[in-house]
Amino acid sequence: VQKDADSSERVLMDMRWGLVPSWFKKDDPSKMQFNTSNCRSDTMLKKSSYKGALLKGKRCVVLADGFYEWQQHSAGKQPYFIYFPQTKDAVAEGKEGDEEWRGWRLLTMAGIFDCWEPPAGGEMLYTYTIITVDASKDVSFIHHRQVRAGKGTAGQMPAILDGDEAIRKWLDFAEVPTQEAVKLIQPTENIVFHPVSTFVNSVRNNAPECLAPIELGAKKEVKATPSSKVMLGWLKNSQEGSPQKKENDLPRWTSQFIHSPSPKKTSADILQQWLGKEGEPAAKKRKA
């Protein structure tokens, strides 16, 4: 982290999921004996793993297409895909030079990051955790929720920052102090969801089937919503697009929240749009 960096500057970079505190003394992060993938909002200012980084303003936003939660019932667990409501623009093809991103609206989840340096020296490791809050009432029917990679988080969901102003305040560590920033960490009702195939239950499966809407049957029939229709259109366009489109251009799903944006534009295009700048130097990706 550059000490003279402008606190309002946004930088997009890769980090490892699972926060490793800067004070961790062992020579290998894998030797940590506790899980730091998720951080409960009600204890984040109490636990040493997160408190130090949070008070130092090490706040980040984690981007994802959406996340999964499972509902327990007699026949097993039914997965749901949860995401921001989408508009028809999400499937519109952007014109060359169009500065406005009209693709899938990514979830913007509040996170905390830290920088760990190996005791023996070496490259700095950037890691993060996703803050969780009590699940919103809109998804309260999904009993004993459990985020895919967040074991032991029943009744919790990611803390979602809804809108540019909330994102700006969370990221601007110099102008917005910790005590004010944590007030942004609240459950949001501005989410939609639909059931998906149990195909997603295996981490080996990595295909559009993981997020395509399904019907649960006559007793629990799920009507097509505007967002799920957009989802189907988006998936269709992803699969039936340019002949040059490769398999790895499709949405990528792993056992973690996804950092990869939707396939409509290159990562460089999305970087410029999300940062609100043109021609961001690649070197700045090394800052946080």
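This is a predicted model: local features need pLDDT of at least 70, side-chain atom pairs count only at pLDDT 80 or more; totals for chains, interfaces and linings use all residues.
Arg-40 has a relative accessible area of 35%, and the corresponding value for Asp-42 is 46%. Since buried means under 20% and exposed over 50%, Arg-40 is classed as partly exposed, and Asp-42 is likewise partly exposed.

A salt bridge is also formed by Asp-114 and Lys-58, whose closest N and O atoms lie 3.1 Å apart. Asp-114 belongs to strand E6 (residues 107–116), whereas Lys-58 is found in the loop between helix H1 (48–55) and strand E3 (59–64); the pair therefore ties together parts that are 56 residues apart in sequence. Both Asp-114 and Lys-58 are buried.

In a further salt bridge, Arg-105 pairs with Asp-162, and the closest N and O atoms are separated by 2.8 Å. This pair links distant parts of the chain, 57 residues apart: Arg-105 is located in the loop between strand E5 (76–83) and E6, and Asp-162 in the loop between strand E8 (156–158) and helix H2 (164–171). The relative accessibility of Arg-105 is 33%, so Arg-105 counts as partly exposed. Asp-162 is also partly exposed, with a relative accessible area of 33%.

Attention now turns to helix H1. The buried residues in H1 are Ser-49, Tyr-50, Ala-53 and Leu-54. Because these residues cover an arc of only 100° around the axis, they are placed on the same side of H1. An α-helix has 3.6 residues a turn, so residues three or four places apart point the same way. The cover over the buried residues of H1 includes strand E2 (38–40), E3, E6, strand E7 (125–134), H2 and helix H3 (178–181). Just after H1, a positive phi of about 80° is found at Gly-57.

Several strands pair with E7. Strand E1 (residues 16–17) runs parallel to E7 and is joined to it by two bridges; the partner of Trp-17 in E7 is Tyr-128. E2 likewise pairs with E7 in the parallel sense, over three bridges, and Asn-38 is placed opposite Ile-130 of E7.

Antiparallel pairing is also present. E6 pairs with E7 in the antiparallel sense over six bridges, with Ile-112 standing opposite Thr-129 of E7. E6 is also the strand that holds Asp-114, the salt-bridge partner of Lys-58. The pairing of E7 with E8 is antiparallel and comprises three bridges; Asp-134 stands opposite Gln-156 in E8.

Methods:
Residues are numbered from 1 along each chain as its sequence is written. Side-chain values use heavy atoms; hydrogens and water are left out. Buried means under 20% relative accessible area, exposed over 50%, partly exposed in between (1.4 Å probe, protein chains only). A salt bridge is a side-chain nitrogen of Lys or Arg within 4 Å of a carboxyl oxygen of Asp or Glu. Helices (H or I, at least four residues) and strands (E, at least two) are DSSP runs, numbered from the N terminus. The arc is that of the directions from the helix axis to the C-beta atoms. Contact means heavy atoms within 4.5 Å. Two strands pair if DSSP finds at least two bridges between them.
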